[in-house]
Amino acid sequence: MLPYRNLVEAEVALGRNLTTFETFWFHYSALMPDYLLYYHNIAFLFLIFTLVPLPIAVAELISPSTIAPFKLQPKVILPPTSFLKCYKEVLRVFFFVVGPLQLISYPSVKLVGIRTGLPLPSLWEIVAQLVVYFLVEDYTNYWIHRAMHLKWGYEKIHHVHHEFTAPMGFAAPYAHWAEVLVLGIPSFLGPALAPGHMITFWLWIALRQIEAIETHSGYDFPFSPTKFIPFYGGAEHHDYHHYVGGQSQSNFASVFTYCDYIYGTDKGFRFQKAHRAKLREQWIAGEQNEIDISNHKGKFE
């Protein structure tokens with residue numbers, strides 16, 4: 001809730017006219033308690049979990065041939081029942097774990113200093129803080145995820161997430177309730193270290209979940225804008241982790257590739273990728289040789 005009765009008071013306090021976005025924010029949040037602004041996350045997460053994976057899921061179920069060239073595990077065809085089961089379990093965890101966690105975590109948001117007032121952060125401030133959040137989350141998530149693959153952590157908790165060896169977008173938040181709670185720590189650590197505005201926090205939560213859905217999509221689209229992000233792992237990087245399954249000791253990082261490279265946990269992935277590239281080169285060379293031989297024979301017939 002903003003401490004101004006009207007726009008004039010807000011502009012006097014800031015010593016300038018409000019921007020268009022600040023005016024909109026004033027009208028939207030002036031009389032809204034801070035805890036209700038924070039609880040927007042519940043609606044955002046529900047919409048993201050439901051809508052973001054939907055286009056690829058619909059394409060895979062209705063017209064799989066249109067996106068088949070980009071599928072990372074083309075031999076695995078998931079039936080509609082698998083999509084439904086996954087989404088139902090995600091909703092169950094959402095309503096019994098994620099939602100309640102959002103409700104009770106508001107005091108921690110106020111404690112670390114995430115603000116809701118004016119002025120709004122600049123674009124560069126938002127981008128800088130989001131970069132920090134992604135880097136902090138990626139590093140801490142790497143070690144927690146790696147620990148989850150130890151015998152006890154995997155058998156008791158993490159095996160649930162690995163039920164889908166060929167993941168889909170809906171499987172991004174598909175996990176044991178304890179894993180959902182534990183992995184919430186890295187997601188909140190960045191905003192706790194570099195607290196910003198609630199809008200930045202909303203963007204962080206939304207982008208992190210969208211990124212997770214993209215890396216679990218099972219498809220590597222060459223035209224994805226994420227291809228321009230340095231050290232970004234993407235679906236190809238994480239799909240290998242699911243493909244190997246419970247015995248995987250590779251590709252633990254959630255977003256970027258630098259941790260796996262530094263700590264040597266991407267060797268299997270890099271070997272497989274190089275091997276597949278070599279086989280593809282041999283296949284292309286073989287096809288070209290057959291064409292050349294066929295053309296050569298045609299000249300003497």
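A: Start with a term: a nonpolar core is a set of buried Ala, Val, Leu, Ile, Met, Phe, Trp, Tyr and Cys residues joined through side-chain atoms within 4.5 Å. Buried means under 20% relative accessible area, with a 1.4 Å probe and protein chains only. This is a predicted model: local features need pLDDT of at least 70, side-chain atom pairs count only at pLDDT 80 or more, and totals for chains, interfaces and linings use all residues. Residues are numbered from 1 along each chain as its sequence is written, and side-chain values use heavy atoms, without hydrogens or water.

Q: Which residues touch the most other members of the largest nonpolar core?
A: Phe26, Cys86, Leu118 and Met168 do, in a core of 48 residues.

Q: And which helix gives the most to this core?
A: H6 does, with nine residues. Helices here are DSSP runs of H or I, at least four residues, numbered from the N terminus. H6 covers 80–104. Others supplying at least two residues each include H2 (20–29) and H8 (123–148).

Q: What is methionine 168 in contact with?
A: Leaving aside neighbours within four places in sequence, Met168 contacts Leu78, Ser82, Phe83, Cys86, His216 and Ser217. Contact means heavy atoms within 4.5 Å.

Q: New topic. How many helices and strands are there?
A: The protein chain has 15 helices and zero strands.

Q: What share of the chain is buried?
A: Buried residues make up 44% of the 301 residues.

Methods: Buried means under 20% relative accessible area, exposed over 50%, partly exposed in between (1.4 Å probe, protein chains only).
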